[in-house]
Amino acid sequence: MSTDPVYEIYAIRYAHHDRSASENFIGSDLHDVLQPLDYFVWAIVGAGNSIIVDTGFDDAMGKKRNRKLTKPVGDGLKAIGIDASTVENVIVTHLHYDHCGNHELFPRARYHLQDSEMAYATGRCMCHSHLRLPFEADDVNAMVRKVFADRVTFHDGASQIAPGVTVHKIGGHSKGLQCVQVQTQRGPVVLASDAAHLYQHFEENSVFPIVYCVGDVLEGYAALRKLALDPSHIVPGHDPKILACYPPARPDLKGWISRLDVKPEKKS
Ligand SMILES: [Zn+2]
Ligand SMILES: [Zn+2]
């Protein structure tokens, strides 16, 4: 019998942005429909451990970027019993401002990042305002400082973070974007992060406008499908349907924190 651990996964919403659908797709003919985005960090809990996926942004960054912080990331972790100061491993899917802020929230953590994401965020592509738009120099600096403090582990492609938790390079949306595959009681679940902002992106092979390589975005959808037990096990990075589909971690956390390792209550 397999003794591989299975994990609980929590989606913690920390911010929200009302926007029109046309802003979410390249070549969209949708104009006035509202299609908001939610912003999440994720907690993978099991085997006596908590691994955090992405670190979100704080109130100051929310104001700068005109995004509404709904609950600070630290409060969300606390609500499910995670003390950020004791977290040992943080996976950063990519270095966009909404995935790698709150630099001091995890003082003891080791950060896991793809080689190509750091190279992208510190190299010649950042000379182009179009490509650096979703990055913040302070976030990238903070990660460079962690490298010099011996707190970053680099990965190149697929890599194991813990038994049953692996990262996989997807690229596309950002050059070194990685997703996370997690073994759960319902089989392998994939935290796509921005490899699919919304269900609609991988269901319709459509592309979010912030992109490094469209071809890699489209190939990435196939990679997500391979890593997940079936499409209902793919968790998009910004879809408000997440909190509507998956049960709250506790009744009092409805609309804030959901469990992803249990079957969705409704079809996406
Ligand atoms: Zn992104
Ligand atoms: Zn994002």
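Q: Which protein donors does the zinc ion (ligand 2) have?
A: This is a predicted model, and in it the donors to the zinc ion (ligand 2) are Asp98 (OD), His99 (NE2), Asp194 (OD) and His238 (NE2). They lie 2.1 to 2.2 Å from the metal.

Q: And what's the arrangement of the four donor atoms around the zinc ion (ligand 2)?
A: Irregular, because the donor atoms subtend angles of 87 to 154°. To count as tetrahedral, four donors need all angles between 85 and 135 degrees.

Q: What spacing do those donors of the zinc ion (ligand 2) follow along the chain?
A: The pattern is D-H-x94-D-x43-H. The site links distant parts of the chain: His99 sits in the loop between E5 and E6, while His238 is in the loop between strand E12 (234–236) and helix H8 (241–245), 139 residues apart.

Q: Is His99 buried or exposed? And His238, buried or exposed?
A: His99 is buried, at a relative accessible area of 1%. His238 is buried as well, with a value of 2%.

Q: Nice. How far apart are the zinc ion (ligand 2) and the zinc ion (ligand 1)?
A: They are 3.5 Å apart, and Asp194 coordinates both.

Q: So which residues coordinate the zinc ion (ligand 1)?
A: His94 (NE2), His96 (ND1), His173 (NE2) and Asp194 (OD) do, at 2.1 to 2.2 Å. If you're setting up atom types, note that His96 coordinates through ND1, whereas His94 and His173 use NE2.

Q: Good to know. What angles do the four donor atoms around the zinc ion (ligand 1) subtend?
A: They run from 89 to 173°, which makes this arrangement irregular. Along the chain, the donors of the zinc ion (ligand 1) are spaced as H-x1-H-x76-H-x20-D. Distant parts of the chain are linked here too: His94 belongs to the loop between strand E5 (89–91) and strand E6 (110–114), and His173 to the loop between strand E9 (165–169) and strand E10 (178–184), 79 residues apart.

Q: Are His94 and His173 buried or exposed?
A: Both His94 and His173 are buried.

Q: Changing topic: what volume does the largest pocket have, and how many residues line it?
A: Its volume is about 260 Å³. The lining has 18 residues, and Arg19, Arg67, Tyr97, Phe208 and Ile210 lie nearest the pocket's centre.

Q: What's the lining of the largest pocket like by class?
A: There are eight nonpolar, four polar and six charged residues in that lining.

Q: Is Ser193 buried or exposed?
A: Ser193 is buried, because its relative accessible area is 1%, and under 20% counts as buried.

Key
Residues numbered from 1 in each chain as written. Chains lettered and ligands numbered in written order. Predicted model: local features only at pLDDT ≥ 70, side-chain atom pairs only at ≥ 80, totals over all residues. Heavy atoms only, no water. Donors = N, O, S within 2.8 Å, 3.2 Å for Na, K, Ca; no water. Tetrahedral: all angles 85-135°; square planar, octahedral: opposite > 155°, others 65-115°. Helix = DSSP H or I, 4+ residues; strand = E, 2+ residues; numbered from the N terminus. Buried < 20%, exposed > 50% of the residue type's maximum accessible area, 1.4 Å probe, protein only. 1 Å grid on protein atoms, 1.4 Å probe; cavity = no way out; pocket = protein on both sides within 12 Å on 5 of 7 lines; lining within 4 Å. Points joined across faces, edges and corners; volume = space filled by probe spheres on them. Nonpolar A, V, L, I, M, F, W, Y, C, P; charged D, E, K, R; others polar.
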